[in-house]
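Hello,

Here is the structure for your set.

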Amino acid sequence: MSSESFPSQARVVVIGGGVMGCSTLYHLAKLGIEDAVLLERQKLTCGTTWHSAAQVRQLRSSRNLTRLIKYSTELYAALEAETGQSTGWLRTGSLSIATNPDRLIHIRRQAALARAYDVPAEEVDVGEVRRLWPLAETSDVIGAVYAPEDGRVNPSDLCLALIKGARARGAAVQEDTAVTGFVVENDRLVGVETTRGRIACEAAVIAAGLWSRDLALQAGVAAPLLPCEHFYLLTKPIEGIEGHLPTLSDHDSYLYIRDDVGGLLVGCFEPLGKPLEPAALGESFAFSLLPEDWDHFEPMMLNALHRIPALETAEVRTLLNGPESFTPDGSFMLGESAEVRRLYLCCGLNSVGVATGGGAGRAIAEWVAGDAAPMDLHEADPRRFCTAENALGALRARAPEVLGKHYVVSYPGQEWRSARDLRRTPLHERFVAAGAYFGPRFGWERPLWFGAEGEPALTFGRPAWFEAVGREVAAAHEAAALFDLSTYGKIRVRGADAESFLQRLCANDMGRPPGRVTYTALLNERGGFESDLTALRLEEDDYRLIVGTNAIRRDLSWLRRHRRADERVTLEDETESFAVLGLMGPLSRDVVAGLGGEALDGLGYFRHRAVTLARLPVTAARMSYVGEFGWELSVASRYVVELADALMTAGRKLGLRYAGANAQTAMRIEKRYPSFGHDIGPDDTPLEAGLDFALKLDGDLDFIGKEALLKQRAAGLERRLVSIQLDDPDAQPLGHEPLYRGDEICGQVTSAGFGYRVGRPVALGMVRSPRDGETLALDIAGERFEGQVDLAAVYDPEGARLRG
C-alpha cells in the first residue's frame, strides 16, 4: 500500500496504473493540476503494460493520431533528462516488407501518407532489406519501406519515469486501491468509491486496461472492449545479432520481429485471435501470464522459421502469452463518455498503448483541464459505438477478428464479418431479396449496393461493385432511385425554449418558421465542426434534427451538456421510431403521381410538409444529398415497408430501383457535399468547407464558435475544401492521399471515388491557398495522378443544392 496519505477529495482521479494512467497523471501535473491522484488496484504496470513488446510506430490513419505518437517519441526521449529515470527509448527504425503486389501497394500508400504527416519514410530495395536485416530470408520480398525514426521503449521504466515526474509536481499515487463504484449526480461525476473510502472529485479518467469495460459499467457507461491472448516468442542470444535492428514487419506472415538482448522477439497477430474475459483471470491477476499455447502459435512459428532461418537452431526462452484489449473497430477510446459528464475513457488500445501513451495521456489531460477536446479526435471518440456493440456476445465474436485484421492489407470496401445483424432497418428483408450487400454502421446493417453475388473480391483496382453502383447512380440521375436513410440519427427537440436553445448551439438561423428545413453545424469554440445536421421545424416549439448514422450518441451528449438548467427543452432520441426514404431522380414526381403525389406540388427547396402518400402519413422534405431532384420521406417505422412497396410498385415501370450507400457517396462527392469524419471535423470550419451560406455571422444572434469564425474571416482563409477531377479515368483514389503543387505537399484528399455522372475519378481535399482551375497531383501509392481544382462542384445541375 502507498505510503502517501489517502485523500478524501481530489480534483481529478485517474484509474489504472498502466502506461495510459501514468501518462495521464504526469500530464495533469504538468498542466498544474497538483491535486490529482492515480488509483491502481494492485501495482503499477500490472495487467498489460509490463509485458508489452513496446514498439513505437508513428504512422496512424489520421494526422492527429499520428501527432499523438510523434509526441510520444519526443517525450520518451526527453524523460530521462527531466526525471533521472531511463525509459529505455531506442530509435531503431522499422522496416515493412512486401511479398505480394497488393502488400506493396499498401506499404507504398503508407509511405505516401507518412510524408503528408511529416514522418520520415522511404521505399528501399531488397538489397537494402538484406543490409538492414542480414538474418532475414528475402527471396520472396518484392519491396519494402523503411521508417528510421520509429523505435521502442521499456514499458516498466517508462511508467516509473512518468510517475516520478508526476510526483515531483505534487500528484499522488495510491496502489492496492480498487475502485468499487462512482458517485453521479444529475448525470455528472462527483466522486469515486474505493476499497479504502470515497474520493470526492471533479473528474475521473478510466485508464484501467482490460478491466475498463467492467469499471465503466458501474457508472452506467459503455466502453466496448474485450481482451484477447497475444503471443510473442523470446529466444536466447543468436549468433549474428549485434546491436539493435529495426523492427521487421512481415505482415504477410502476420509477424513482427526485433532483437532482444542478443536474441529475437517474434510476435504475431494471427488471422483469428483467442478471446478471454477479465472475470476469468481472477482478482489476483497482475503480473501473471496466460498458459503457453504452442498449437495455436505453430502456424506463426512456421512463418517465422521461413523468414528467419536462424530460428531453427535458436534456443527458446519462453512463449509469452498476455492479455491485450481490443475494441469493435480496432481504434482506441479517448474522450468523455456519452452517459456521464466529466467521466473520461482512455482504454481499449488494440496493442498500441505504449506507442500512443505519451500523446494520448497529454490529450486526455488537456481535455480534462479545459473541458473540451484539444484537437479532432473523432476516430477515438467513445461515443462512436452503439450500446449493442458493448454486449459481451458481440465483443466475444468481434475481438478475435479485430486482432486478426491488425496486419491485413487495407483494401477499400473491407467489412467486418463478425458480430453482425445487431440492428436491422424494417426494410432489411426487402433488401436481402433485392441482392443487397450490407456493411455494418453503428450496429446497423446498411445496404452498400445491390446485385451482389457472394463476397466481392477485394482489390486496389476497379472494385467488384463498380458496375452495380453505376447502375444505381444512373437510375437516380436518369429515372429514380430509392435510398434507405433510416439509420440516420433523429433527435426531437421540444419546449418553450427550443428555438433560443438551438440558436445558441447552431451556426445557422434556427428561427425560420415551421415548414422550413435548415442545414446547420454544431461548432466548438474554435469554430470547428462538432457535427452537421438537418433540422425540420415542425411547430414553433418543436424540431426534428437529422444527424449522421454514427453521430447520434455524440450529438445527443453535446446537446445535453450545453442545455442550461433553466431552459425548458426536452431532448429525445427518435432514431428507431421513424424511418426515412430518399426518393431521388428526375422521374420522382411520376413515381408518386398515383399515390397522392399532388400533395407535393409547390413544395420548395428547404421546405417540408405533412402529406399522405399511399394512404400513409408522411413528412416530405424537399432536399437531396446526391444532387438530384427528390424528397426525403419520413414515416413511422411501422409503415415504412408498406410505403416502400407502394413506391417500388408504382415506379418499377419508370426504372425506379433501390440504391445503396456507395452510390450516395459517389454522388455527394461529385456535388462537393462534405461528410463529417471525412471532409469536415472539429479542426475544420464552415468557412474552410465553403459553407458560408449556412452561417449567421452578420446578425446579432450569437452562437458557439462565432467569435472564432469572425476572426478567421477577417484574417482570410489559409486553406479550403475543393473538388478535384482527375485526368486519368483509371486512377483509383481512396482518400487520405497527399496533394502536390509541384514538389510541395499542399493538402490532402478527404474523400474520393468515381464520378459516374462526369465519367472521371473525383476527389475532395483540403488545400492550402487553392486556385480555381490549377493542376494538382495526387500521390496514389507512390505514383502521381494529375487533376484540376474546382472551387465549387464538378457536377452542379440546374437547381441541385446542398441538403438543407
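Contact here means heavy atoms within 4.5 Å. Helices (H or I, at least four residues) and strands (E, at least two) are DSSP runs, numbered from the N terminus.

This is a predicted model: local features need pLDDT of at least 70, side-chain atom pairs count only at pLDDT 80 or more, and totals for chains, interfaces and linings use all residues. Residues are numbered from 1 along each chain as its sequence is written, and side-chain values use heavy atoms, with hydrogens and water left out.

Back to α10. The buried set is A394, L395, R398, A399, P400, E401, V402, L403 and G404. Buried means under 20% relative accessible area, exposed over 50%, partly exposed in between (1.4 Å probe, protein chains only). Helix α10 covers residues 392–404, so its 13 residues should span 18 Å at 1.5 Å a residue. That expected span is 1.5 Å times one less than the number of residues. The end C-alpha atoms are 19 Å apart, which agrees. At R398 the helix bends by about 30 degrees, and P400 follows within four residues. The bend is the angle between axes fitted to the seven residues ending there and the seven starting there.

Next, T66. T66 sits in helix α2 (residues 63–83). Its relative accessible area is 1%, so T66 is buried. A polar atom of its side chain lies 3.0 Å from the backbone nitrogen of R60. Leaving out residues up to four places away in sequence, T66 touches Q58, L59, R60, Y117 and V119.

Now the rings. The whole structure holds 20 aromatic pairs. Rings of Phe, Tyr and Trp (its six-membered ring) pair if their centres lie within 6.5 Å; planes under 30 degrees apart count as stacked, over 60 as edge-to-face and the rest as tilted. Y76 and W89 are edge-to-face, at 6.4 Å centre to centre and 65 degrees between the planes. Y76 is in helix α2, and W89 is in the loop between α2 and β4 (94–98), 13 residues apart. Both Y76 and W89 are buried.

Last, a charge over a ring. The charged end of R362 sits over the ring of Y71, 3.8 Å from its centre. The test is NZ of Lys or CZ of Arg within 6 Å of the ring centre and within 35 degrees of the ring normal.

Best wishes

Technical notes:
A polar contact is a pair of N or O atoms within 3.5 Å; within protein, one must be able to donate a hydrogen and the other to accept it, and residues adjacent in sequence count only if both atoms are side-chain atoms.
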